[in-house]
Amino acid sequence: MPETYVHKFDTPTFKGEISVPLGLYIDGKWVDGSSGNKIDVINPSNGKLITKITEGSPKDVDLAVAAAQKAFDTTWGLHKNGFERARLLQKLGDLMEQNADKLAALEALDNGKTFNWARTTDIDHSIRCIQYYAGWADKILGQTIETSEAKLVYVRHEPIGVVAQIIPWNFPLQMMAWKIGPALATGCSVILKPSEFTPLTALFVAQLIHEAGFPAGSFNLINGYGHVVGQVLAEHNGIEKIAFTGSTLVGRKIMEASSKSNLKKVTLELGGKSPSIVFDDADLEQAVKWAAFGIYYNHGQCCCAGSRIFVHEKIYDQFMQRFTEHTKSLKVGDPFDPEVYQGPQVSQQQYDRILSYIKSGKEEGATIVTGGEPLGQEGYYIQPTIFTDVKPSMKIVREEIFGPVCVVIKFKDDDDIVAMANDTIYGLAASVFSQNVTRALSTAHKIRAGTVWVNTANMLYPQVPFGGYKQSGIGRELGEYALANYTAVKAVQVNLHLNLS
Ligand code: NAD
């Protein structure tokens, strides 16, 4: 029987005890992994060990796939009607709501995002996402198609079967909700692999899934390393579909594994290098605040972060002055301090990666306007950083840094800016700031990205599709669009009176 970890919080924003099961959740039970190995869970605020979780192995994946298939064939999938699936998801949403503060505290502890941001964005959004898909569960509709009076043709949207879902560390609970919401709503059986860096909220929510009464095997959770558990899931012949969120590099491996195994269906939500475009007719104060939110929210660890900020030359100096002041005013520190905007980066690895990008920016000749240094004696803190005087070929302009680091670039005319904004392998999101609706929308339509925000940034809703153009991904999550990822379309043709002679 796997252990449970109890964390005692005594912070300005949250006080109390939280218990988290540390094992694997397979076939409706908490179990030890077959390898006996553990993974360290590190607190990014101080680099110290929080606890150790069970590491899954290929054998555990086989057990989870068998349990998921059994559930799909007996108690889940087409054996549980939409109304009952809706009720279970609604119950899960209610349980998450009752535990919202605990979930926010765990997310802050494990990921380093502030308790307040976690509570008001990550956790609320995750609850809404589960509730939104509860609403869809009994509204999965096919069509009846007119062919001839002698026939009846109808289309069913059937659950695809056993699905694997691999998620990253930047929004641990939200990514889980985006994935399991549509999968469970449509009746698929799920095997979820959280990031090895941030497993705690998924473990906590697995308890709630159990409490809500989902049938054994309909949801399974296996923690583990990407190159072991993730890779085995991607290669597994018993899995019909894989949904992956993470880096473009690993996304390629997922597609390759699918193509070399059973051609499981693949959706990918990958990286970004999003442009924020500030025209000379923008509301400057608002543009500064939203552009700052675009890059610094979640410590820059957003796939859609507006890390390339393009500013019209007529307002460039004013923008820079205000944007720099705003950046300097952001308080970096303890995620449980109510005054703090930005906590630590998620891991030593990510901290080193961001600092190496800052070093490369300096070496390639860019100018640091503010920031550029680590902060504090312990933990993975980095100052919000602005670079100017950049060239399009620089690594800090081309590659996803995934930290609180942006480049600000001057532009002259509307035609140039579209080409500059689109000069990237990515196409996840963009922001356009202008008070001229024609200019804003005609630019928005020319940007090659899955989301374009006009006079805002980083806003996501469960009902609005999200995903990437180009190398930012394949397919869309959220909204009605995500349901298609988890359903197979079957046309049934019934002969009423078309007789062969
Ligand atoms: P990552 O690709 O390193 O890891 C993501 C997940 O994949 C983790 O669970 C990891 O264990 C697993 N993994 C690693 N190697 C694997 C392999 N060989 N086979 C299968 N699984 C494997 O990404 P990360 O560092 O956790 O997250 C950051 C990246 O995620 C960034 O590039 C970011 O842009 C992207 N991201 C995209 C979105 C989106 O919606 N587009 C959202 C969040 C994060």
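Student: How far is a polar side-chain atom of Ser-247 from an oxygen atom of the ligand?
Tutor: Keep in mind that this is a predicted model. For a polar contact, look for a pair of N or O atoms within 3.5 Å. Here, a polar side-chain atom of Ser-247 lies 2.6 Å from a ligand oxygen. With Gly-246 it's a polar backbone atom instead, at 3.3 Å from a ligand oxygen.

Student: How much of the ligand's accessible area does the protein cover?
Tutor: On its own the ligand has 850 Å² of accessible area, and the protein covers 90% of that. As for where to look, the ligand sits in the largest pocket.

Student: Which elements give two or more residues to the shell around the ligand?
Tutor: Those are α7 (226-235), β12 (241-245) and α8 (248-260). Now try the domains: domain 1 (58-270 + 474-489) and domain 2 (275-461) each supply at least three residues to the shell.

Student: Which residues come nearest to the ligand?
Tutor: There are 28 residues around the ligand, and Ile-167, Glu-196, Ser-247, Leu-270 and Glu-400 come nearest. Sorted by class, the shell holds 14 nonpolar, nine polar and five charged residues.

Student: What does the side chain of Thr-120 reach?
Tutor: Thr-120 belongs to helix α4 (residues 115-136), and its side chain reaches the backbone oxygen of Asn-116 at 2.8 Å.

Conventions
Residues are numbered from 1 along each chain as its sequence is written. This is a predicted model: local features need pLDDT of at least 70, side-chain atom pairs count only at pLDDT 80 or more; totals for chains, interfaces and linings use all residues. Side-chain values use heavy atoms; hydrogens and water are left out. A residue is near a molecule or strand if one of its heavy atoms lies within 4 Å of it. A polar contact is a pair of N or O atoms within 3.5 Å; within protein, one must be able to donate a hydrogen and the other to accept it, and residues adjacent in sequence count only if both atoms are side-chain atoms. Accessible areas come from the Shrake-Rupley method with a 1.4 Å probe; for residues, only the protein chains shown count as cover. On a 1 Å grid over the protein atoms alone, a cavity is a set of points where a 1.4 Å probe fits but cannot get out, and a pocket is an open set with protein on both sides within 12 Å along at least five of seven lines; lining residues have an atom within 4 Å of a point. A molecule sits in a cavity or pocket if more than half of its atoms lie within 2 Å of its grid points. Helices (H or I, at least four residues) and strands (E, at least two) are DSSP runs, numbered from the N terminus. Ala, Val, Leu, Ile, Met, Phe, Trp, Tyr, Cys and Pro count as nonpolar, Asp, Glu, Lys and Arg as charged, and the others, Gly among them, as polar. Domain bounds come from an automatic or database domain assignment.
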